[in-house]
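Okay, thanks for coming, everyone. Let me put the model up, and then we'll walk through some side chains together.

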Amino acid sequence: MSILKQKNNKIIDLTKPVDIKTYLTVAVLGKSLNLNVNFKNTNIPELNMDNSEINIYLPIRYKKIGTVDIVSNVIKKMYDEIAEIELTDSMEKVRVMLGFAPEDYTIKRMPDAFIKNNRNKTIIINPDITKYSRKVIETSLIQAFCKTKYKENTKEYKMLLKRAIDKYENYEYRIIKVS
């Protein structure tokens with residue numbers, strides 16, 4: 001006996017393989033996007049992203065085995081790619097706004113922090129920071145820039161940070177006003 005189920009006015013035969021979409025959400029630059037996991041005849045996982053959703057296409061051979069680790073790795077790679085672009089733009093924006101920059105920065109996964117300052121005036125940035133909005137990323141970078149100039153709890157650091165945040169908020173206000 002075949003099992004039939006009605007869904008969206010379509011009859012689906014559940015005794016045959018059915019294309020299943022898994023709906024999850026993933027945060028990208030402060031927005032929650034739907035994550036659709038699909039299976040298709042391909043050799044490697046593929047990812048397509050637009051304004052409202054992310055589609056991951058996995059090879060059909062992964063359908064019978066656990067896909068959680070594979071999807072997790074694809075999402076990490078996506079964050080790495082987004083971080084390369086977004087962090088370059090944000091670093092340049094903050095550098096121009098403050099008038100100084102750290103020696104260098106690297107993008108590297110860290111288990112316990114999003115941004116870390118090294119003693120050699122280098123900033124290490126976790127690509128997972130791209131889950132958050134640009135404002136969060138840029139204010140975190142401002143703080144890291146200020147830490148390269150002065151030690152964290154000194155008067156100079158606090159004054160520089162206050163001036164930098166005020167300058168940033170003024171800059172953002174002017175952009176919103178012009179738009």
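So, Leu29: you'll find it in the loop between strand 3 (22–28) and strand 4 (31–40). This is a predicted model, by the way. Is Leu29 buried or exposed? Buried, with a relative accessible area of 17%.

Lys121 has a positive phi too, near 65°, and again that's a residue other than glycine. Lys121 belongs to the loop between strand 8 and strand 9. Lys121 counts as partly exposed, at 38% relative accessibility.

Okay, on to the rings. How many aromatic pairs does the structure hold? Two. Take Phe100 and Phe145: the ring centres are 6.3 Å apart and the planes sit at 50°, so we call that pair tilted. Phe100 comes from the loop between helix 1 (68–98) and strand 7 (104–107), while Phe145 comes from helix 2 (residues 134–149), so the pair ties together parts that are 45 residues apart in sequence. Phe100 and Phe145 are both buried.

Then there's Phe114 with Tyr132, which is an edge-to-face pair, 5.3 Å centre to centre and with 80° between the planes. That pair also links distant parts of the chain, 18 residues apart: Phe114 is in the loop between strand 7 and strand 8 (115–117), and Tyr132 is in the loop between strand 9 (122–125) and helix 2. As for accessibility, Phe114 is partly exposed at 34% relative accessible area, and Tyr132 is partly exposed at 37%. Which residues make the nonpolar surface patch of about 240 Å²? Phe114 and Tyr132 again, together with Val136.

While we're on rings, look at the lysines. The charged end of Lys149 sits over the ring of Phe100, 4.7 Å from its centre. So Phe100 has Phe145 as its ring partner and Lys149 over its ring. Over at Tyr57, the charged end of Lys40 sits over the ring, at 4.9 Å from the ring centre.

Last topic, salt bridges. The count comes to eight. I'll show you a few of them.

Asp80 and Arg109 meet through their side chains, 3.0 Å from N to O. Asp80 is in helix 1 and Arg109 is in the loop between strand 7 and strand 8, so this one ties together parts that are 29 residues apart in sequence. Asp80 is partly exposed at 29%, and so is Arg109, at 30%.

The side chains of Lys162 and Asp166 form a salt bridge at 3.3 Å, N to O. Where do they stand on accessibility? Lys162 counts as exposed, at 55%, whereas Asp166 counts as partly exposed, at 39%.

One more thing before I sit down: salt bridges that share partners join Asp80, Arg109 and Asp128 into one network. Okay, that's my tour, thanks.

Methods: Residues are numbered from 1 along each chain as its sequence is written. This is a predicted model: local features need pLDDT of at least 70, side-chain atom pairs count only at pLDDT 80 or more; totals for chains, interfaces and linings use all residues. Side-chain values use heavy atoms; hydrogens and water are left out. Rings of Phe, Tyr and Trp (its six-membered ring) pair if their centres lie within 6.5 Å; planes under 30 degrees apart count as stacked, over 60 as edge-to-face and the rest as tilted. Helices (H or I, at least four residues) and strands (E, at least two) are DSSP runs, numbered from the N terminus. Buried means under 20% relative accessible area, exposed over 50%, partly exposed in between (1.4 Å probe, protein chains only). A charge sits over a ring if NZ of Lys or CZ of Arg is within 6 Å of the ring centre and within 35 degrees of the ring normal. Patches are made of residues with over 30% relative accessible area and no salt bridge: like charges are joined within 9 Å, nonpolar side chains (Val, Leu, Ile, Met, Phe, Trp, Tyr) within 5 Å. Accessible areas come from the Shrake-Rupley method with a 1.4 Å probe; for residues, only the protein chains shown count as cover. A salt bridge is a side-chain nitrogen of Lys or Arg within 4 Å of a carboxyl oxygen of Asp or Glu.
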